[in-house]
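Work through the exercises below with the sequence and the structure open. Each task is followed by a solution in steps.

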Amino acid sequence: MTAKIDNTTAMRIDSAEVKEEMLKKYPVKVARRRSKQIVVNKVEENDVVPEILSNTRTIPGILTMRGCAYAGCKGVVLGPTRDILQITHGPIGCGFYSWLTRRNQTRPKDETGTNFMPYAMSTDMQEEEIIFGGEKKLKKAIQEAIELFHPKAIGVFSTCPVGLIGDDVHAVAREMEERYPDVNIFGFSCEGYKGVSQSAGHHVANNKVFTDVVGQIEAPKDGKFRFNILGEYNIGGDAFEIERITDKCGLTLHSTFSGNSEYVDFASAHTADLNVLMCHRSINYMAEMMEKRYGIPWIKINFIGANATAKSLRKIAAYFGDQTLIDTVEKVIAEEMVETEKVREEVRARCEGKLAMLFVGGSRAHHYQELFTEIGMKTISAGYEFAHRDDYEGRKVIPDIVIDADTRNIEELTVEADATRYRPRKDETELKRLAKEGLTLSYYPGMMPEMENNTFVIDDLNHHETEILIEKYKPDVFCAGIKEKYVIQKGGIPLKQLHSYDYSGPYAGFKGAINFYQEIDRIVNSRIFRFVKAPWQESPELAGSYAWNK
Ligand code: CFM
């Protein structure tokens with residue numbers, strides 16, 4: 001039975017000692033490198049925190065939690081859009097394994113609405129294409145897709161072999177667009193090996209969607225308060241809950257990049273008056289570029305957590321500065337909080353003081369700390385798989401980030417103000433008002449300034465370090481993904497998947513917060529995991545023999 005330790009005891013554990021223990025198994029060179037990625041948090045004046053090494057290559061031989069550039073581009077940024085027909089140019093596995101496993105949902109506006117998401121489309125490259133080139137097969141695939149589905153737009157996604165053999169997906173896209181001028185066809189150079197993680201794929205996706213889609217259609221939506229949400233991907237229905245709330249507040253959500261979205265929403269997104277940024281890591285490039293070209297300001301928000309949702313709605317209302325809107329938002333918050341508070345109080349009584357660890361992607365390890373705090377739980381250790389220093393330490397460190405060759409390989413677009421469509425949304429007086437009200441534009445403070453001292457921040461965590469973390473702190477719940485789930489659960493610690501939500505959700509907004517409180521309550525108060533005995537606890541060594549010839 002795993003004995004539990006409480007919050008105060010855990011905070012007394014010397015994280016520096018735990019770090020030493022993690023490093024001691026590594027060869028000297030590896031230890032030196034990992035030691036810069038394992039950081040004991042310390043928040044100083046002006047939110048200054050220790051520097052953390054991140055967005056750097058995983059050391060060969062270490063089992064990483066990361067994914068590839070193709071996953072970041074096709075799976076993450078474009079995947080949740082229902083009516084851009086998406087063709088994976090590559091061997092069948094890439095298309096198959098990126099096919100809805102992320103649980104991004106969508107809801108066409110009516111029964112006749114286009115939805116390609118239930119399909120996995122791929123050129124299914126074979127040896128013949130690897131040797132003689134796959135462009136011909138790609139052209140045929142595009143032609144076949146157009147004849148069958150008549151899409152408005154087609155995205156072609158490159159997998160590793162495409163880059164290795166030199167297929168030019170962009171030339172194919174141009175040629176096919178000439179043949180079918182009514183279809184917007186664009187290719188992504190998101191070969192899996194690009195960069196050091198899926199983060200590279202986010203950047204590739206942002207660039208192409210910005211140059212080839214945003215600004216293509218002039219279709220402003222009606223409404224006084226028109227905004228886009230960037231970096232919300234509708235996992236487990238999160239976007240549906242956010243849409244419910246923002247509708248109720250009287251806001252006009254022009255488009256979401258890219259949960260529950262359509263091509264036309266992206267193409268006309270430049271007509272909205274505000275961008276709110278949910279996942280900073282995956283889409284801050286788009287926010288910056290839209291601001292430069294079209295003059296749309298952006299603010300960082302977070303709809304994970306009831307208090308965070310309330311705070312985010314207040315920020316949006318403050319940005320528009322309209323009294324009726326501000327009053328409606330307050331009314332909605334008050335209404336929604338009744339049920340949320342009731343459940344929260346009940347759950348908090350059973351969860352107070354329990355410990356959580358969060359190791360997820362590039363933003364959720366931060367966002368979900370809000371939900372745990374609301375039920376009295378403490379995040380003792382957290383980290384990202386592929387975030388950059390600004391996601392950890394705040395955007396203030398961007399000028400100091402050393403750009404290495406892997407990052408330099410990903411194109412950085414030079415963007416200028418659009419000659420006719422650049423329109424600053426706020427004048428000097430308005431900007432002064434916003435500053436006075438404490439609303440910071442274009443800024444993300446990062447995860448570490450919001451974590452306590454002596455908590456443990458680890459970038460690109462691996463199994464060896466996970467085992468030590470678990471042994472030392474015995475958390476009540478560990479949040480990560482499917483690759484970690486069963487290893488950790490065999491060690492007697494429950495694991496909650498924060499990528500796919502384990503068949504559940506939504507967790508965003510007020511109703512989502514209720515779902516999360518109740519689920520965590522069930523998880524951390526279930527006794528079952530304490531009785532788990534891992535196979536290696538009983539017989540630490542596995543012996544095997546060949547059965548052939550018997
Ligand atoms: Fe952003 Fe995401 Fe995340 Fe991400 Fe992802 Fe994801 Fe994630 Mo999995 S876009 S960085 S690349 S919030 S798929 S919806 S859960 S690792 S923390």
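Predicted model: local features only at pLDDT ≥ 70, side-chain atom pairs only at ≥ 80, totals over all residues.

Residues are numbered from 1 along each chain as its sequence is written, and side-chain values use heavy atoms, with hydrogens and water left out.

**Exercise 1.** Describe how helix H14 packs against helix H22.

Step 1. Locate the elements: H14 covers residues 306–320 and H22 covers residues 509–524. Helices (H or I, at least four residues) and strands (E, at least two) are DSSP runs, numbered from the N terminus.

Step 2. Take the geometry. The two axes come within 8 Å and cross at roughly 165°. H14 is therefore roughly antiparallel to H22. Axes are lines fitted to C-alpha atoms, for helices over the stretch in contact, and angles run from 0 to 180 degrees between N-to-C directions. Angles under 35 degrees count as roughly parallel, over 145 as roughly antiparallel, 65 to 115 as roughly perpendicular and the rest as oblique.

Step 3. Assign the hand: H14 passes H22 in a right-handed crossing. A crossing is right-handed if the near helix is turned clockwise from the far one by less than a right angle, and left-handed if anticlockwise.

Step 4. List the contact, meaning heavy atoms within 4.5 Å. H14 contributes Ala306, Thr309, Ala310 and Leu313, while H22 contributes Gly509, Phe510, Ala513 and Tyr517. By class, these residues are 6 nonpolar, 2 polar and no charged. Ala, Val, Leu, Ile, Met, Phe, Trp, Tyr, Cys and Pro count as nonpolar, Asp, Glu, Lys and Arg as charged, and the others, Gly among them, as polar.

**Exercise 2.** Repeat the analysis for helix H7 and helix H9.

Step 1. H7 (residues 135–149) and H9 (residues 169–179) pack at about 40°, with their axes 10 Å apart. H7 is therefore oblique to H9.

Step 2. The crossing of H7 past H9 is right-handed.

Step 3. On the H7 side the contact is made by Glu135, Leu138, Lys139, Ile142 and Gln143, and on the H9 side by Val169, Val172, Glu175, Met176 and Arg179. The contact of H7 with H9 has 5 nonpolar, 1 polar and 4 charged residues.

**Exercise 3.** Find the cis peptide bonds at serine 258 and proline 506, and the positive phi values of aspartate 47 and tyrosine 501.

Step 1. Recall the background: most residues other than glycine have a negative phi, and most peptide bonds are trans.

Step 2. Check omega. The bond from phenylalanine 257 to serine 258 is cis, with omega near 0°, and serine 258 lies in strand S7 (residues 252–258). Glycine 505 and proline 506 are also joined by a cis bond, with omega about -5°. Proline 506 is in the loop between strand S14 (495–497) and H22.

Step 3. Check phi. Tyrosine 501 has a phi of about 70° and sits in the loop between S14 and H22. Aspartate 47 has a phi near 60° and belongs to the loop between strand S1 (38–40) and helix H4 (69–78).

Step 4. Tyrosine 501, at 0% relative accessibility, counts as buried, whereas aspartate 47, at 35%, counts as partly exposed. Buried means under 20% relative accessible area, exposed over 50%, and partly exposed in between (1.4 Å probe, protein chains only).

**Exercise 4.** Which residues are closest to the ligand, and how does its shell divide by class?

Step 1. The ligand is surrounded by 14 residues, and the closest are Arg102, His202, Cys279, Ser363 and His499. A residue is near a molecule or strand if one of its heavy atoms lies within 4 Å of it.

Step 2. The shell has 6 nonpolar, 6 polar and 2 charged residues.

**Exercise 5.** Is serine 54 buried or exposed, and what does serine 54 touch?

Step 1. Serine 54 is in the loop between S1 and H4. Its relative accessibility is 10%, so serine 54 counts as buried.

Step 2. Not counting residues up to four places away in sequence, serine 54 touches Ala387, His388, Arg389, Tyr392 and Asp459.
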